[in-house]
Amino acid sequence: MAAADDVKKIAEQEARLVFEGFDEAAAFDIGASIRARAVAEKLPIVVDIRLWDRTLFYCALPGSTCGNTEWARRKINVVKVFHRSSYRMVLTKAREDRTFPVGEALPIEDYVLAGGGFPIKVKGVGVIGAIAVSGLPERQDHEVVVAAVAEHLGIPSRELALPPVANS
């Protein structure tokens, strides 16, 4: 997998996965969809959907930990600052230590370079919140969110799927 290929596809995802409006019902539908998939596939994840002023949906599935809750919160904080998916930030920053450079003044206890946070963008308004999944490898966390949002918006998820990972 080339990081550049993923970055290009993620930029497309962010451009296409835009809501006409977003409310508590949309958050519940997306969260319930992710939860149903997680139950069916026995995924040990946390799902956290927030507007900037409050949490709209949260669930923790068997096998998830309190650490996953914290990682989700920190991923959401990254989306809030950059208005980009946290996985895109991972790939563009390319820092092994998962921290932001000191000059960006983003403390490690509140921000992390880890995939799984995705912006909630409303047409004509901008980014109003984020959806985060934590508990799987970061690329998979990201893909779980993207698939659910695409499904909710009526876009075939295969159109927005990241390129397959080449076997090493």
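In which sense do strand β2 and β3 pair, and over how many bridges? In this predicted model, the pairing of strand β2 (residues 46-51) with β3 is antiparallel and extends over 6 bridges. Within β3, Thr55 is the bridge partner of Arg50.

These strands belong to an open sheet. The sheet has 5 strands, arranged in the order β1-β4-β5-β2-β3. Its pairing is mixed. The edges are formed by β1 (18-19) and β3, each of which pairs on one side only. Helix α1 (residues 3-16) packs on the sheet and touches β1 and β4. The direction of α1 makes about 35° with that of β4. Helix α3 also packs on the sheet, where its contacts are with β2, β3, β4 and β5. The direction of α3 makes about 155° with that of β5.

Aromatic pairs were examined next. The count comes to 3 aromatic pairs. One of them joins Phe28 and Phe57 in an edge-to-face arrangement. The ring centres are 6.0 Å apart, and the angle between the planes is 70°. Phe28 is part of helix α2 (residues 24-41), whereas Phe57 is part of strand β3 (residues 54-60), so the pair ties together parts that are 29 residues apart in sequence. Phe57 has a relative accessible area of 9% and is buried.

Another pair is made by Phe82 and Phe100. The centres of these rings are 5.4 Å apart and the planes lie at 10°, so the pair is stacked. Phe82 lies in helix α3 (residues 66-82). Phe100 lies in the loop between α4 (86-93) and β4 (117-122). The pair therefore ties together parts that are 18 residues apart in sequence.

Ser134 is located in strand β5 (residues 126-134). Its relative accessibility is 3%, under the 20% cut-off, so Ser134 counts as buried.

Ser33 is located in helix α2. Its relative accessible area is 18%; this value is under 20%, so Ser33 is buried. Apart from residues up to four places away in sequence, Ser33 touches Ala148 and Glu151. The side chain of Ser33 makes a polar contact with the side chain of Glu151, at 3.5 Å. Ser33 and Gly117 are 84 residues apart along the chain, and their C-alpha atoms are separated by 16 Å.

Technical notes: Residues are numbered from 1 along each chain as its sequence is written. This is a predicted model: local features need pLDDT of at least 70, side-chain atom pairs count only at pLDDT 80 or more; totals for chains, interfaces and linings use all residues. Side-chain values use heavy atoms; hydrogens and water are left out. Helices (H or I, at least four residues) and strands (E, at least two) are DSSP runs, numbered from the N terminus. Buried means under 20% relative accessible area, exposed over 50%, partly exposed in between (1.4 Å probe, protein chains only). Rings of Phe, Tyr and Trp (its six-membered ring) pair if their centres lie within 6.5 Å; planes under 30 degrees apart count as stacked, over 60 as edge-to-face and the rest as tilted. Two strands pair if DSSP finds at least two bridges between them. Contact means heavy atoms within 4.5 Å. Axes are lines fitted to C-alpha atoms, for helices over the stretch in contact, and angles run from 0 to 180 degrees between N-to-C directions. A polar contact is a pair of N or O atoms within 3.5 Å; within protein, one must be able to donate a hydrogen and the other to accept it, and residues adjacent in sequence count only if both atoms are side-chain atoms.
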